[in-house]
Amino acid sequence: MLSRVCNKRSGRQTAALLLLSLVALGGCGRHQNNEGVRSLLGANTPGLVAAGNVGYVDMDALVKAHPLHAQLDAMQQQILVLRQESVSVPSGMTASQNAAYNAMQRELDAAQQKFQQDLAQRRTFYEQREADAIAQLQAAAIGAQNGGGVLTGMQQQYGEQAKQLQKQAFSTLNSYRDALFKADADHLRHMQQLLAADVRTKARQRENELSTAETKYQIDLARQDQSARLNLQAKLQNLALSDKDRADYSAQLKKIDDGENALVSRLKSQDNAALSSYVKGLQSQASAKFDAERKITQAATQVKLLARQREVQTAMGPQMQALGGKFQQQLADVNKKLASNTKYQAQAQNVHEQMQSNYVAEAKQVAASYHDARRALIGKYSTAAHMQFQDNEAIAAQMDKLAADRRDLLAKIVDQIRIVVQHVAQTEGVSVVFQSIRGAGTAVDLTQAVQKALAAQAAATTPASSAAPTPTSSGGS
Amino acid sequence: MFMHDKRRWPVILGLIAAFTLAITPQVLAIDVTDIGFVDQAALGQLGPFQAAQAQFAQYQRGLSGQFQAAIKGKNQSDQQRIYQDFNQRAAQKQRELFGPLLGRAQAAIASVAANKGLSVVVDKQIIIFGGLDITNDVENMLNQPGPVVPPINSPPPSAVGYVDQQQLDTLPKVKKANDDYLQFRQNLQSQLNAQLSGKAGAQRQQIITSFNNQLNDQQKKLLQPIVDETTKAISDVAKKKGLLLVIDATNRVYGGTDITPDVIKSLQ
């Protein structure tokens with residue numbers, strides 16, 4: 001496509017366009033602007049880069065697609081059969097056969113227990129003997145009374161000093177953190193007080209405004225009804241007024257008073273509601289301001305703490321190195337002395353070989369005796385029960401061997417798949433590939449692409465060489 | 001010279017552009033740096049872990065001898081009680097020996113991850129390609145004497161999620177499916193023992209193969225629907241939260257986004 005564009009334009013224009021393309025591509029690489037490269041990757045990989053360069057594969061599916069899977073599967077089937085054999089208990093036995101079987105199992109378990117204890121004891125015995133002999137040799141070689149003790153003492157001293165250093169650093173960091181937290185708390189408390197005072201002032205101001213308006217409204221109403229009220233009051237002052245008329249005028253006067261009171265009371269209710277809503281709004285704003293300030297303060301504190309932690313670590317690094325260096329130097333001096341002492345080296349090697357040889361010889365003897373004992377027990381109880389019992393431990397050993405072979409084969413297959421995955425990932429611009437996930441989000445599923453690549457490799461290689469697929473040029477590292 | 005030949009410029013620039021296009025994915029690929037991994041198996045081979053392992057093995061050997069002596073002549077219920085008691089003692093010893101080491105390793109991983117600005121650290125075994133390997137840095141930190149100072153800052157938000165299967169297993173429908181399968185397996189096992197009696201060679205193998213096939217079928221019938229439903233729920237939550245993918249909590253070492261509560265809510 002780019003070459004077609006080149007043909008249609010003059011050389012200068014094309015050069016400028018290509019330069020722009022390169023600049024744009026460089027920008028994409030630096031800033032991960034996915035839109036820019038998505039079209040360039042072609043229609044085969046939609047949304048690939050948009051997934052943030054992270055992919056995954058279904059390893060089980062890939063192993064199934066591998067040419068050696070049939071072999072792996074056959075081994076697995078054999079293992080399953082052996083596993084069942086090793087755990088299956090004979091059934092349909094008579095009471096005496098059952099008793100014989102249980103007695104045999106008990107004796108087999110006891111024999112196994114004894115064998116393991118015996119081995120462990122012998123190992124511990126020879127390890128201890130070797131350690132003692134080497135310590136004696138070291139002491140003689142470096143001219144100390146106790147070679148092992150010298151090294152242990154050096155190590156303990158170094159450990160104590162290092163611990164002290166770390167403790168100091170931790171204490172410094174803790175003090176700084178406490179001081180910061182206290183300053184934050186003071187600042188936030190002050191901020192809270194300011195905000196509360198502001199809310200109170202504004203609320204009081206609004207309350208005064210409303211109160212003034214209510215008074216004015218009350219006066220206006222009284223003014224509106226002034227003439228009617230005066231008229232009624234004048235009529236009531238007439239002593240010759242009949243009782244009925246007096247009652248009438250009094251009622252009219254009361255109606256005017258009641259009307260005014262009702263209007264004023266309604267306004268007051270409205271004002272109270274408005275004031276309450278206004279105060280609530282003010283409190284909400286204050287709360288939001290406080291939260292924002294709290295977040296800013298905490299974030300700033302975190303940054304400061306992190307910076308201080310780095311400072312402390314940086315400052316502590318050389319001290320630890322110096323301390324470690326001193327210890328290493330002391331250790332190196334002792335080791336150097338021992339390493340250059342050929343007599344000591346030969347003696348130590350000799351001690352090690354002798355102990356090892358003794359242990360292996362005894363272990364072999366113990367193991368052979370143990371297996372003989374098992375066989376004898378199984379034979380004895382099989383004869384007594386008139387049925388052939390099986391040795392589950394022998395089956396388990398066979399199963400372990402097969403399982404180890406299967407693991408090796410699987411590792412080989414996975415290694416080969418890994419090379420193909422690497423190649424596919426690099427080709428598709430994916431920088432991290434997971435092989436075992438619980439659920440997919442927006443990451444890219446590379447399973448099919450890898451399956452295709454595996455199939456292509458299998459087709460390209462002969463059956464004899466299929467066990468070792470050749471990685472493609474960019475995927476073999 | 002061709003440098004002065006203007007007609008050649010488009011060709012040269014075309015070649016450069018083609019080359020750039022060819023390497024662009026790799027250039028982009030190096031931008032993802034906030035996913036790290038650590039080889040936990042390798043950390044387990046470090047001296048202190050090996051020493052603790054040897055110490056624990058020795059303790060277990062001793063305990064095993066004591067256990068055999070303790071259950072001698074006891075009835076089944078007493079044996080069961082003694083077995084539980086010994087198991088607890090072994091677990092306690094394991095915590096004593098490995099607890100401080102694991103805490104130290106966790107602090108070292110967190111410290112290295114924080115210094116490198118990683119949002120998530122996973123176990124090496126689930127990464128097949130790419131990612132930042134911090135195993136060496138963690139080993140170096142662990143090899144220093146004295147306590148490891150953990151980072152003050154918590155991990156940044158991560159686009160890699162994780163889910164805790166142990167919590168999902170407590171959901172009634174998941175638990176029921178698991179229990180049903182175990183019950184089926186137990187029943188089948190007792191049938192198998194009866195069928196194998198008196199059989200040998202190929203006949204035995206045939207019976208065992210049939211047993212394994214039945215188990216597989218029942219597994220598909222009872223457990224697969226739950227597995228599929230869970231996988232779908234996890235993917236839905238991941239997409240809703242804009243996550244790249246979700247891993248099992250056992251493979252997460254540091255950071256990441258826990259979506260277990262959302263998945264549980266979705267499955268209820």
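With 12 C-beta neighbours inside 10 Å, B:Ala51 counts as exposed. B:Ala105 has 24 such neighbours inside 10 Å and therefore counts as buried. Both residues belong to a predicted model. B:Ala51 lies in helix H3 of chain B, while B:Ala105 sits in helix H4 of chain B.

**Two alanines in chain B**

- B:Ala51 is a residue of H3 in chain B. The count for B:Ala51 is 12 C-beta neighbours inside 10 Å, and exposed residues are those with 12 or fewer, so B:Ala51 falls in the exposed class.
- B:Ala51 and B:Leu97 stand 46 residues apart in sequence. From C-alpha to C-alpha, B:Ala51 and B:Leu97 are 9.5 Å apart in space.
- B:Ala105 belongs to H4 of chain B. Buried residues have 20 or more neighbours, and B:Ala105 has 24 inside 10 Å, so B:Ala105 is buried.
- B:Ala105 is in contact with B:Leu43 and B:Leu142, leaving aside neighbours within four places in sequence.
- B:Gly44 is 61 residues from B:Ala105 along the chain. The C-alpha atoms of B:Ala105 and B:Gly44 are separated by 9.8 Å.

**The two chains**

- Chain A has 477 residues, and 14% of them are buried. Its secondary structure includes 12 helices and four strands.
- Chain B has 268 residues, of which 26% count as buried. Its secondary structure comes to 10 helices and eight strands.
- Take the contacts in chain A between residues at least 6 apart in sequence: 80% join residues at least 24 apart.
- For chain B, among contacts between residues at least 6 apart in sequence, 83% join residues at least 24 apart.

**Nonpolar cores**

- The largest nonpolar core has 67 residues. Those touching the most other members are A:Val421, A:Val433, A:Leu446, A:Val450, B:Ile109, B:Val121 and B:Leu245.
- Helix H4 of chain B, residues 76–115, supplies the largest share of this core, with seven residues.
- A:Val450 touches A:Val57, A:Leu62, A:Ile417, A:Val420, A:Val421 and A:Val424, not counting residues up to four places away in sequence.

**H4 and H5 of chain B**

- The axes of H4(B) and H5(B), the latter covering residues 135–143, come within 9 Å and cross at roughly 130°. That angle makes H4(B) oblique to H5(B).
- The crossing of H4(B) and H5(B) is right-handed.
- On the H4(B) side, the contact uses B:Arg104, B:Ala105, B:Ala108, B:Ile109, B:Ser111 and B:Val112. On the H5(B) side are B:Asp137, B:Val138, B:Met141 and B:Leu142.
- The contact of H4(B) with H5(B) has seven nonpolar, one polar and two charged residues.

**H9 and H10 of chain B**

- H9(B) spans residues 224–240, and H10(B) spans residues 260–267. The two helices pack at an angle of about 125°, with axes 9 Å apart. H9(B) and H10(B) are therefore oblique to each other.
- H9(B) and H10(B) make a right-handed crossing.
- H9(B) contributes B:Glu229, B:Thr230, B:Ala233, B:Ile234, B:Asp236 and B:Val237 to the contact. H10(B) contributes B:Asp262, B:Val263, B:Ser266 and B:Leu267.
- By class, the contact of H9(B) with H10(B) holds five nonpolar, two polar and three charged residues.

**H6 of chain A with H3 of chain B**

- H6(A), residues 95–142, packs with H3(B), residues 47–71. The angle is about 145°, and the axes are 11 Å apart.
- H6(A) passes H3(B) in a left-handed crossing.
- A:Gln113, A:Gln117 and A:Ala120 of H6(A) meet B:Arg61, B:Ser64, B:Gly65 and B:Gln68 of H3(B).
- The contact of H6(A) with H3(B) has one nonpolar, five polar and one charged residues.

How values were computed: Residues numbered from 1 in each chain as written. Chains lettered and ligands numbered in written order. Predicted model: local features only at pLDDT ≥ 70, side-chain atom pairs only at ≥ 80, totals over all residues. Core = buried A, V, L, I, M, F, W, Y, C linked by C-beta atoms within 7 Å. Contact = placed C-beta atoms within 7 Å. Axes fitted to C-alpha atoms, helices over the stretch in contact; angles between N-to-C directions. Parallel < 35°, antiparallel > 145°, perpendicular 65-115°, else oblique. Left-handed = near helix turned anticlockwise from the far one by under 90°. Nonpolar A, V, L, I, M, F, W, Y, C, P; charged D, E, K, R; others polar.
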